[in-house]
Amino acid sequence: MTESPDTPSGRRRRSGGGGRARFGGWPERPAGLLWTDRPGPPRTPPPRRRRRLRAAALALTVAVLASAGLGWAVWARLNGNIRSDSATERELEKYESERPPAGPKGAQNILLIGSDNRGGGNGEYGEDSGTQRSDTTILLHLAADRRSATAVSVPRDLMVEVPHCKRADGSESAPQTVQFNWAFAFGGAACAIRTVERMTRIRIDHHIVVDFTGFKNMVDAVHGVQVCLPRPVQDEEAHVSLPAGRQTLDGEGALGYVRARKSLGDGSDTQRMARQQQFLAALVEKVQSNGVLLNPMRLYPVLDAATSSLTTDAGLASLRGLYELVRSMRSIPPAHVQFLTVPRTAYRYDPNRDQLVQPDADRLFGRLRGDQPVAVVPQPPAGAGLGGGDGKAAGPGRGGRPAPGASSTPAFPGSTAEHGGCE
């Protein structure tokens with residue numbers, strides 16, 4: 001350190017280490033630090049500023065609690081919408097020994113039942129007789145790897161062996177061969193499940209029952225679904241009046257479209273099932289293409305409509321259970337969501353009823369039971385007659401043929417969600 005010459009004021013300036021000193025032995029200050037910046041006791045904010053800080057903290061706390069409360073309210077509402085069908089579970093437990101074993105790990109088989117019950121707000125679609133039948137029944141198979149989903153329609157007029165089932169009044173129906181939708185009328189979902197399991201030897205893991213009103217609300221929640229009609233539709237019984245051409249159906253129009261039978265095609269239930277499959281394919285495409293599953297603002301009304309109309313087993317009777325189911329299907333591309341109908345032909349004793357075509361039906365059931373892939377080929381043009389457009393097999397061997405380019409995978413007439421809308 002060196003000393004500089006005396007200044008006129010008699011002070012000496014010291015230099016060294018880049019610092020400066022003053023009289024009284026004050027410590028050197030670091031370069032760039034003003035003496036007024038020296039550490040000292042913390043300064044207390046003025047009273048007005050303290051009030052502003054407390055108000056801001058309180059507002060933030062209220063916002064967080066409000067968000068949490070709103071989230072909980074939404075969750076509680078959606079969760080409370082779903083009705084759990086514990087009676088079906090208790091009834092199925094009685095027959096556990098006769099049910100098929102569980103399928104491959106991760107694969108799921110869900111029975112979707114569309115009820116034609118006229119009660120509970122559905123009276124405008126017919127007289128409430130106090131009974132219900134399965135207007136639509138679909139066996140949905142989700143592959144264990146969640147790379148494909150196969151929806152198989154079971155015709156309501158298919159002649160099947162229905163086991164003895166417990167009725168709502170406590171009595172039991174006798175085992176009998178009747179059309180399939182009577183199983184649901186006899187003993188509800190439990191009887192329908194046991195009938196499907198007996199026919200297919202596929203274990204049903206879950207079931208979902210939806211009514212007319214629920215279907216309408218779900219379509220309205222996605223702002224309608226687009227269809228193409230080659231000719232106008234006028235069906236007073238189904239409450240539908242639609243012009244020809246490309247159009248978007250709201251819930252009411254969609255319900256009439258999928259229920260109409262006498263005014264479309266040859267009036268058969270078979271063609272109605274084909275329309276139902278096409279409409280469901282278009283609905284799946286609409287939900288996926290519009291990003292509904294990834295957009296909370298668009299997903300909420302869909303979930304609210306869906307949960308308000310569902311009756312399920314305990315495994316799905318919660319928002320978490322349904323969310324896990326939907327989340328597992330989210331990555332399945334529309335081209336791998338397949339729709340088909342069990343191979344069947346006219347019943348030998350009544351041409352207005354159906355019967356399974358063997359061995360094609362067992363081949364299909366076996367593939368699903370073992371979680372093995374199946375393929376679908378386009379349906380023949382509508383109106384082509386038996387075996388071409390009505391969805392019925394012209395005879396044994398029509399279904400289950402090898403798919404083009406994949407000799408080991410049997411193919412069945414059907415469609416995919418990729419081609420569910422207007423072409």
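This is a predicted model: local features need pLDDT of at least 70, side-chain atom pairs count only at pLDDT 80 or more; totals for chains, interfaces and linings use all residues.
Which side chains meet in a salt bridge at 3.1 Å, N to O? They are those of Arg194 and Glu98.

Start with where the two partners sit. Arg194 belongs to helix α3, residues 182-200. Glu98 lies in the loop between α2 (86-93) and β4 (108-115). The pair links distant parts of the chain, 96 residues apart.

Arg99 is in the loop between α2 and β4, and Glu197 is in helix α3. Their side chains meet in a salt bridge, with 2.7 Å from N to O. Here, too, distant parts of the chain are linked, the residues being 98 apart. Arg99 counts as buried at 13% relative accessibility. Glu197 is buried as well, with a relative accessible area of 4%.

This contact does not stand alone. Arg99 and Glu197 belong to a network of salt bridges that also takes in Glu96 and Arg203. Side chains of opposite charge can pair when their charged atoms come close.

A further salt bridge joins Glu91 and Lys94. Their closest N and O atoms are 3.2 Å apart. Glu91 is buried, at 10% relative accessible area. Lys94 is exposed, because its 53% relative accessibility is over the 50% limit. How many salt bridges are there in the whole structure? The search finds 7.

Helix α3 also carries one end of a covalent link. The structure holds 1 disulfide. Cys165 and Cys191 form it, with their sulfur atoms 2.0 Å apart. Cys191 is in helix α3, while Cys165 is in the loop between β7 (159-162) and β8 (176-179). The two cysteines are 26 residues apart, and the pair links distant parts of the chain. Is the link right-handed or left-handed? The angle about the S-S bond is 75°, and the link is right-handed. Both cysteines, Cys165 and Cys191, are buried.

Arg194 ties the helix to Glu98. Glu197 ties the helix to Arg99. Cys191 ties the helix to Cys165 in the β7-β8 loop.

Definitions and conventions
Residues are numbered from 1 along each chain as its sequence is written. Side-chain values use heavy atoms; hydrogens and water are left out. A salt bridge is a side-chain nitrogen of Lys or Arg within 4 Å of a carboxyl oxygen of Asp or Glu. Buried means under 20% relative accessible area, exposed over 50%, partly exposed in between (1.4 Å probe, protein chains only). Helices (H or I, at least four residues) and strands (E, at least two) are DSSP runs, numbered from the N terminus. A disulfide is a pair of cysteine sulfur atoms within 2.5 Å.
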